[in-house]
Amino acid sequence: MTTMSAPAIGAGGHEAACDQSETRNLLQRIGDGWIRRAKVRREPIELCFDAARDDFLEERLPFHTHPGYRALDSATRTRILSAGWIIYNEKTVAIESAIVSPSCYDALDGRIPGLQPETIRHIVCETLVDEAYHLLLVANANRLTRTHRGLDDLRIPTFNLVRFMNREKAAYAEDWQKTLVHLATSVVSEIFVSDYLHQLSDCPHIQPMNTATVAAHRHDELAHSKIFTLLTETFYPALSPREQAFFADMLPKPIGWFADLELDIWASVLDQLGVPGAAGIIADCRPLNLAARSRLDYSRILGLSRDVGILDTAAGRDSFAAHGIAA
Ligand SMILES: [Fe+2]
Ligand SMILES: [Fe+2]
C-alpha cells in the first residue's frame with residue numbers, strides 16, 4: 001500500500017540534528033511512565049452538572065465583543081455558551097479521531113519511516129488508548145450537556161481543520177505525500193492541543209464537570225505534545241531528501257488550519273439556535289480569522305523545526321516565511 005521509501009535513518013538530506021539515542025531514551029521513559037500517568041488508569045471524573053454555571057468561557061467565543069452578541073438576552077447567551085462547549089469538545093474529537101489516531105495507525109502499519117522499533121510502537125499504542133479514552137470523556141460531557149441544556153438536536157458540521165487537511169491530501173497523487181500531510185497535521189495538532197485545553201482546564205467559574213474533563217484530557221496531552229515532538233525527531237531524519245523537503249514545506253500549513261476560528265460552524269450553530277442577527281455577527285468576525293494564526297504561540301513548532309534541521313535549509317525557512325512565520 002505504501003509508496004513511501006524504505007526507512008533508512010540518516011539517509012535524509014539533513015544530518016540528524018537531534019541525538020537519536022537520547023530521543024529514544026526519552027520515549028522509553030515516557031512510555032514506561034504511562035501505566036502510572038495515564039488518566040484512563042486513574043480515578044474516574046465526577047460528572048456532576050450544575051445548571052446554574054455557564055458551560056463555557058465567554059472570552060472563547062470569537063464574537064464575544066460584538067454588539068450584536070452583547071445585546072442578546074442572558075438565556076440566549078447561556079445557550080450559546082453551551083453550544084460553544086459542545087463545539088470545543090467536538091473539535092477535540094476531530095483531532096483525536098480524524099487526525100491523530102490515523103497517523104498512529106500509519107506508524108503501526110509501517111507507513112512512516114523510522115517509527116518501526118518496538119519502543120516506539122509501544123508508545124504509539126499507549127497514545128491510541130489515551131485518545132480512545134478522551135473520546136469517551138468528551139462523549140460523556142457532551143451527552144450530559146446536550147441533555148441538560150436541551151441541545152440534543154444541535155448538529156456540528158465538519159471543522160475546517162479537518163476539511164483543509166483533507167483538501168490538501170487530495171491535491172497530491174502519491175500515498176506517501178498524503179501520509180506526510182496527515183502526519184504534519186497530527187504533529188502540529190498534538191503540540192497545540194494542550195494549549196487549546198489550557199484555555200479551560202483551570203477556569204474556576206464555569207461548569208465544574210467541564211473543567212474536570214478538560215483538565216484530565218490536558219494531563220495526557222502534555223505527554224502527547226512531548227511524544228509527537230520526539231517522534232518527529234525520530235522520523236524526520238529517516239525520510240529521504242525528497243520526503244524531508246515535502247514535510248518541511250507542509251509543516252507550517254496546519255498551524256493556520258488549527259488557528260481557524262471555525263466561523264462556518266458558528267454560522268450554522270447560531271442559525272440552529274435561532275439567534276437574531278447571526279449572519280451579521282459572523283460576517284463582521286470574518287476579518288478576525290485572517291489574523292487568527294498570529295494569536296497562537298507556535299514557538300514549539302519553530303523549536304522543533306530548528307532541532308530537526310528544517311530551518312537549516314532555505315526551503316524550510318521559506319516555507320515558514322510563506323505562511324507569515326519568521327524563523
Ligand atoms: Fe486527546
Ligand atoms: Fe493526544
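The legends below describe close-up views of a predicted model. Residues are numbered from 1 along each chain as its sequence is written, while chains are lettered from A and ligands numbered from 1 in the order in which they are written. Local features need pLDDT of at least 70, side-chain atom pairs count only at pLDDT 80 or more, and totals for chains, interfaces and linings use all residues; side-chain values use heavy atoms, with hydrogens and water left out.

**View 1. The iron ion (ligand 2) and its donor residues.** E131 (OE), E190 (OE), E221 (OE), E221 (OE) and H224 (ND1) coordinate the iron ion (ligand 2) at 2.0 to 2.4 Å. Donors are N, O and S atoms within 2.8 Å of the metal (3.2 Å for Na, K and Ca); water is not among the atoms, so sites may look incomplete. Along the sequence, the spacing of the donor residues is E-x58-E-x30-E-x2-H. Distant parts of the chain are linked here: E131 is in helix 4 (residues 118-149) and H224 in helix 7 (residues 208-235), 93 residues apart. Helices (H or I, at least four residues) are DSSP runs, numbered from the N terminus.

**View 2. E131 between two iron ions.** E131 bridges the iron ion (ligand 2) and the iron ion (ligand 1), which lie 3.6 Å apart. The relative accessible area of E131 is 1%, so E131 is buried; H224, at 0%, is buried too. Buried means under 20% relative accessible area, with a 1.4 Å probe and protein chains only.

**View 3. Aromatic rings around F258.** The structure holds 11 aromatic pairs. Rings of Phe, Tyr and Trp (its six-membered ring) pair if their centres lie within 6.5 Å. The ring centres of F192 and F258 are 5.4 Å apart and the planes are at 40°, so this pair is tilted, a word for planes that are neither under 30 degrees apart (stacked) nor over 60 (edge-to-face). F192 is in helix 6 (residues 175-201) and F258 in helix 9, 66 residues apart. Both residues are buried. Ring pairs join F56, W85, Y88, F192, Y196 and F258 in a cluster. K91 lies over the face of F258, 4.6 Å from the ring centre; for this, NZ of Lys or CZ of Arg must be within 6 Å of the ring centre and within 35 degrees of the ring normal.

**View 4. The loop residue E262.** E262 lies between helix 9 (253-259) and helix 10 (263-273). E262 is not a glycine, yet has a positive phi of about 55°. Most residues other than glycine have a negative phi.

Key: Helices (H or I, at least four residues) and strands (E, at least two) are DSSP runs, numbered from the N terminus. Buried means under 20% relative accessible area, exposed over 50%, partly exposed in between (1.4 Å probe, protein chains only).
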